[in-house]
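Keep the sequence alongside the 3D view.

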Amino acid sequence: MAARKGSGKQAPSGSVGHGEFVAYPGGPTAIYDLLERLSEAAADAPEYGTPGISLDRKRLTVRWFGEPPAAVQRVLDSAEGFELTVARTEFRPADLRAEAGRLLAEHPGLVTSARERPEGDGIDVLVAPPAAEAAGGAGAALEQAGVRAAFPLVAEAGEAPAP
């Protein structure tokens, strides 16, 4: 059975929060061990983005804004048994998360979901399908409603996944 690990903070049921990851049994454990140590070293660092594990669990991408601090770099330098890439994000992940939260709070009924993009290059936004259809597209619905954001938005019509 898969187990949720990481930050120790609990995300809403059915989802994984920032700094958390799902460890699947039967695969190599080195990546999960490194993610556990990385979650401890990075703590709530606003520069820490969403890590990505390849489907074959042989490659890990750690996303970070700027240069990782020494404690995080030591953890990254200890990686063995898999390929590790540190990808620099365009924007600070915590700023993206905060802006996504603001969009949800300020535009209920229109914005059904807003999340930082894993790549750290903007915010994925789901727009209520009736609004998107009436406006001729999700982006047009946001524009017509006067939705502004400090970061690039990638808009699609859709409902938020059920928890």
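Tyrosine 48 is buried in this predicted model. The reason is its relative accessibility of 1%, because buried means under 20%. Tryptophan 64 also has 1% relative accessibility and counts as buried.

These residues belong to the aromatic pairs. The whole structure holds 2 of them. In one, the ring centres of tyrosine 48 and tryptophan 64 lie 5.6 Å apart. Their planes meet at 35°, so this pair is tilted; the stacked class needs planes under 30 degrees apart, and edge-to-face needs over 60. Distant parts of the chain are linked here. Tyrosine 48 sits in the loop between helix H1 (30-42) and strand E3 (52-53), while tryptophan 64 is in strand E4 (residues 59-64). The separation is 16 residues.

Now take phenylalanine 91 and phenylalanine 151. Their ring centres are 4.9 Å apart, and the planes stand at 70°, so the pair is edge-to-face. Phenylalanine 91 is buried at 18% relative accessible area. Phenylalanine 151 is buried at 16%.

Where is arginine 117 placed? Look in the loop between strand E6 (111-116) and strand E7 (123-127). Arginine 117 counts as buried, at 18% relative accessibility. Its side chain makes a polar contact of 2.7 Å with the side chain of aspartate 121. Beyond residues up to four places away in sequence, arginine 117 touches Gly122, Ile123, Asp124 and Val154.

Notes
Residues are numbered from 1 along each chain as its sequence is written. This is a predicted model: local features need pLDDT of at least 70, side-chain atom pairs count only at pLDDT 80 or more; totals for chains, interfaces and linings use all residues. Side-chain values use heavy atoms; hydrogens and water are left out. Rings of Phe, Tyr and Trp (its six-membered ring) pair if their centres lie within 6.5 Å; planes under 30 degrees apart count as stacked, over 60 as edge-to-face and the rest as tilted. Helices (H or I, at least four residues) and strands (E, at least two) are DSSP runs, numbered from the N terminus. Buried means under 20% relative accessible area, exposed over 50%, partly exposed in between (1.4 Å probe, protein chains only). A polar contact is a pair of N or O atoms within 3.5 Å; within protein, one must be able to donate a hydrogen and the other to accept it, and residues adjacent in sequence count only if both atoms are side-chain atoms. Contact means heavy atoms within 4.5 Å.
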